Amino acid sequence: MSHSTHQAPKGQATGAAVLDIEKLKVTFATDSADVLAVKDVSFTVAPGEIVAIVGESGSGKTVTAKAILGLLPETAQSSGAVIISGNDILAVSAHQLRQIRGRDVAMVFQEPSTALNPVYTVGWQIAEGLRAHRPEGKRVGRKAARLLAIEALGKVGIPEPEKRVDYYPHQFSGGQKQRVVIAAALALNPGLIVADEPTTALDVTVQAEILELLRDLRDQYGTSIVLITHNMGVVADLADRVVVMFQGDVVEEATAQVLFANPREEYTQKLLAAVPHLGRNSASEGFTERAFQDKEVLVRATDLEIEYPGRLGSPAFRAVDKVSFTISAGEVFGLVGESGSGKTTIGRAIAGLNRTTGGSLKVLGYEMRDYKERTFRPLRKDIGFVFQDPAASFNPHLTIGECVAEPLLIHTDLSGSAVTKKVGELLESVQLPATYARRFPHELSGGQRQRASLARGLALKPKLLVADEPTSALDVSVQAKVLELFREIQVEMGFAALFISHDLAVVDILAEWVGVLYKGQMVEQGIGNQIMGNPQMDYTKRLLASLPVPNPAEQAERRAMHQALLAGK
Amino acid sequence: MENKKSLFSRLPIVSQLKKSVGLQRGMLIAGIVMTAIFLLTAALAPLISPYGATQRFDETQAPPSSVHIWGTTAGGYDVFSRTIWGAQTAFLVIVVAVALSIFIGVILGLLSGYLGGWLDRILVVVADAIYAFPTLLLAMVMSIAISQGRSNMWSGIFSAAISITVVFIPQYFRVIRAETIRLKAEPFVESAIVVGASSVRIMARHIYKNATRTLPLIFTLNASEAILTLAGLGFLGFGIEPSSAAEWGYDLNHAQSDATSGIWWTGVFPGAAIVLTVLGLTLLGESMNDLNDPRLRGRKRAGKKNARAKKKELVDV
């Protein structure tokens with residue numbers, strides 16, 4: 001390409017749209033048939049505007065985002081127009097596309113740990129983008145690029161940028177890595193940033209900081225942001241305008257205030273209603289003291305310690321540190337905490353998947369410190385387990401019926417036809433047709449699989465069910481239904497449950513008693529609505545304040561409160 | 001999704017053929033054709049070849065003629081018949097060698113990967129030690145130890161096959177062990193553990209099927225290597241005696257001195273047979289390997305043929 005691309009002035013000055021998508025249509029070739037991922041999408045993004053594209057998995061939001069950067073794979077066929085500063089991304093040559101990327105539009109990825117190359121310093125990675133382009137017509141020298149990288153790191157709030165420019169990605173925390181990714185995207189000062197689920201992989205407290213950063217960028221530099229997310233709280237926190245997508249089509253487009261106050265389309269209404277909302281629909285509403293205390297204690301942990309052995313020479317990592325709690329029959333114990341807080345480790349230790357290293361953990365009267373698979377196995381029929389990812393927790397080669405029947409075959413001596421009948425009943429109790437027993441796991445949707453997983457966990461009518469983030473891999477509308485089902489079945493069968501989640505709102509819906517974990521320690525435990533309504537400990541307060549709620553006005557208040565809390569610290 | 005594919009279209013080679021496109025398809029078809037010719041020759045050897053494999057004639061080193069269409073060797077064997085019968089020998093050796101090594105390798109791999117501990121450590125060390133050995137040297141030692149220098153057709157085939165087996169077991173062992181270790185951490189195996197399933201049940205029902213998915217690929221790749229090892233053994237004189245069965249490597253060895261005196265037909269045909277069979281099996285194995293990996297698989301462009309986009313009926317909850 002000899003002629004240079006048409007240089008459009010930065011949107012800010014002219015007021016013209018930074019991004020204009022018209023009738024975008026993307027089709028993928030697959031082994032079976034073509035799949036229409038995006039049917040007809042049109043919207044524009046004004047300078048300095050934050051537009052959120054929301055939708056559930058499979059709605060085509062990520063494909064739309066990739067089309068904006070020309071990142072669609074070879075198997076995709078696209079038509080329509082994606083116009084960024086006068087260039088149609090779908091029509092330009094590969095050379096022009098390279099020039100546009102980084103200069104006019106940049107991307108922030110979901111998982112910051114994989115978006116950065118572990119063998120180069122972050123400074124090098126930011127400079128790479130600068131050196132690939134020639135801002136102001138000349139090559140950027142090594143020294144100049146380094147200075148620009150330091151400046152970019154400073155912009156995104158990395159402390160001591162002069163020093164940390166030479167750090168490698170593993171020397172940063174998850175939130176800081178995401179800041180580095182944003183710094184790399186900002187290096188050439190593009191008019192538009194496409195952020196694909198930028199906070200999904202992060203903890204809520206970190207998420208709040210990144211959202212704050214993105215808002216600052218817009219306010220200070222007038223950068224437009226296209227935000228792809230499934231989290232309505234994030235949308236309420238950040239977006240000016242919202243585009244709701246469903247199965248490849250734009251269902252509704254409105255400003256954030258209007259959308260959350262008066263959703264026009266039925267789908268949007270359903271989507272918003274499904275979002276769990278802290279304080280509504282609490283399981284412990286009206287409780288003043290802990291329920292079920294007169295019942296048998298199923299799990300008793302006293303000063304429980306669980307350590308993971310360190311690598312040669314390095315000390316062991318203490319995942320759970322002197323945690324004490326009890327779970328009584330019939331009670332739902334909610335365990336919340338951020339990643340690395342040890343909540344999953346506790347759940348796995350109760351099911352005998354992890355060994356305890358100190359203190360005492362009694363499960364159904366069995367001391368887990370003296371764990372032997374042989375002696376614990378008879379107790380397993382009283383413990384059900386529901387895993388986080390329903391796709392991975394079923395053997396892909398067995399039918400749903402065979403998977404659900406497994407506990408029955410192992411612990412009972414029912415005949416073949418009795419087992420089949422029982423499996424049918426179990427599937428119906430989780431609102432799946434009994435005929436689904438013949439299907440394979442991949443033939444079910446995520447929500448259906450998680451129901452089947454629940455059916456398997458409950459097959460032997462266990463006294464205790466351990467549910468490890470059972471809904472975090474599901475879409476909100478599906479999550480709402482699975483939670484409702486869980487609550488119904490729990491009331492009906494009366495089993496005790498340890499419900500592990502990072503989502504406070506979800507835990508509040510199910511659990512009467514909630515424990516908050518932070519870095520392996522139980523910071524606070526109490527009745528659900530009291531923890532959520534009137535937290536005592538600093539960490540719980542911060543955790544609650546950083547949770548975005550799906551209501552722009554309320555979220556603005558909470559944000560102010562959160563900042564006050566952080567400033568006061 | 002009620003369009004469950006028929007059993008036939010899910011068979012290993014057939015399903016890959018349906019997925020393939022362009023050059024990959026060409027390579028796969030070439031591999032299939034060459035392998036099919038090899039298999040047919042092996043199966044129909046008694047019908048195709050005019051003479052027996054060990055039948056000797058008075059005219060030695062005779063050039064191709066109407067009686068001996070590919071000529072005869074210095075030992076008085078008919079080259080055409082030897083080459084055809086050689087396919088059968090090669091086929092038998094592959095089947096016995098690969099079947100034995102798969103059987104032993106899979107069982108050891110499952111046990112070692114799932115149970116871990118000292119058993120795992122010992123088996124890995126042994127496998128690594130065997131791996132570190134030059135394959136042909138090991139096969140030679142095994143062949144001498146098994147056949148004690150005397151061999152008729154079946155004992156020759158078995159000694160060749162077992163010596164190849166010893167070399168291949170570590171390969172299957174490693175693949176299955178690695179898969180087993182990966183699968184051990186999968187939630188579906190953990191969910192079987194929390195349900196209370198025994199170790200044998202978990203290995204047999206949950207891990208075995210998932211770990212052996214890649215075996216057809218290693219099988220085809222190893223089959224070609226087995227032929228090369230067999231030919232190597234024969235070439236060095238550790239294979240099957242010429243008086244008990246036809247073997248390409250041996251014939252090639254004896255064609256060595258002929259080549260300098262202008263007698264080309266004794267070497268070219270067995271040599272070509274080895275090259276084509278190995279090429280066919282390798283093409284088949286490699287293209288199946290590529291097609292099984294969605295990232296390496298080429299696809300038709302979207303919207304070219306059957307542009308009728310599939311409406312995904314999501315029967316969601």
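Let us begin with chain A, whose domain assignment gives domain 1 (17-104 + 192-278 + 547-569), domain 2 (112-189) and domain 3 (297-546). These bounds come from an automatic or database domain assignment. The model is predicted: local features need pLDDT of at least 70, side-chain atom pairs count only at pLDDT 80 or more, and totals for chains, interfaces and linings use all residues. Residues are numbered from 1 along each chain as its sequence is written, while chains are lettered from A and ligands numbered from 1 in the order in which they are written.

Where do domain 1 and domain 2 of chain A meet? Their C-alpha centres lie 24 Å apart. To their contact, domain 1 of chain A gives 13 residues and domain 2 of chain A gives 15 residues; two residues are in contact if their C-beta atoms, placed from the backbone, lie within 7 Å. On the domain 1 side, α3 (94-103) and α9 (204-221) of chain A each supply at least two residues. The largest share of that side, 6 residues, comes from α9(A). Helices here are DSSP runs of H or I with at least four residues, strands are runs of E with at least two, and both are numbered from the N terminus. Sorted by class, the side of domain 1 of chain A that touches domain 2 of chain A has 9 nonpolar, 2 polar and 2 charged residues. Nonpolar covers Ala, Val, Leu, Ile, Met, Phe, Trp, Tyr, Cys and Pro, charged covers Asp, Glu, Lys and Arg, and the others, Gly among them, are polar.

Stay with α3(A) for a moment. Arg101(A), Gly102(A) and Arg103(A) of this helix are buried, a word used when 20 or more other C-beta atoms, placed from the backbone, lie within 10 Å of a residue's own. The cover over the buried residues of α3(A) includes β6 (105-108) and α5 (122-132) of chain A.

Now move to the sheets of chain A. One is an open sheet of 4 strands, ordered β12-β11-β14-β15 (chain A) with antiparallel pairing; strands pair if DSSP finds at least two bridges between them. At its edges stand β12 (317-328) and β15 (366-367) of chain A, each with a single partner strand, so one side of each has no neighbour in the sheet. Further in, β11 (residues 297-308) and β14 (residues 358-363) of chain A run antiparallel and are joined by 5 bridges. Here you can find Thr302(A) opposite Ser360(A) in β14(A). Helix α13 (residues 343-350) of chain A packs on this sheet and touches β11, β12 and β14 of chain A, its direction making about 60° with that of β12(A). Such angles run from 0 to 180 degrees between N-to-C directions, with axes fitted to C-alpha atoms, for helices over the stretch in contact.

Another open sheet has 6 strands in the order β16-β17-β18-β13-β19-β20 (chain A), with mixed pairing. Its edge strands, β16 (383-386) and β20 (521-527) of chain A, each pair on one side only. β16(A) pairs in the parallel sense with β17 (residues 464-468) of chain A over 4 bridges, and Val386(A) stands opposite Ala467(A) in β17(A). Across β16 and β17 of chain A lies helix α17 (residues 446-457) of chain A, at about 170° to β16(A).

Finally, turn to chain B, whose secondary structure comes to 12 helices and 0 strands. Of its 317 residues, 42% count as buried.

Conventions. A residue is buried if 20 or more other C-beta atoms lie within 10 Å of its own, exposed if 12 or fewer, and partly exposed in between; C-beta atoms are placed from the backbone.
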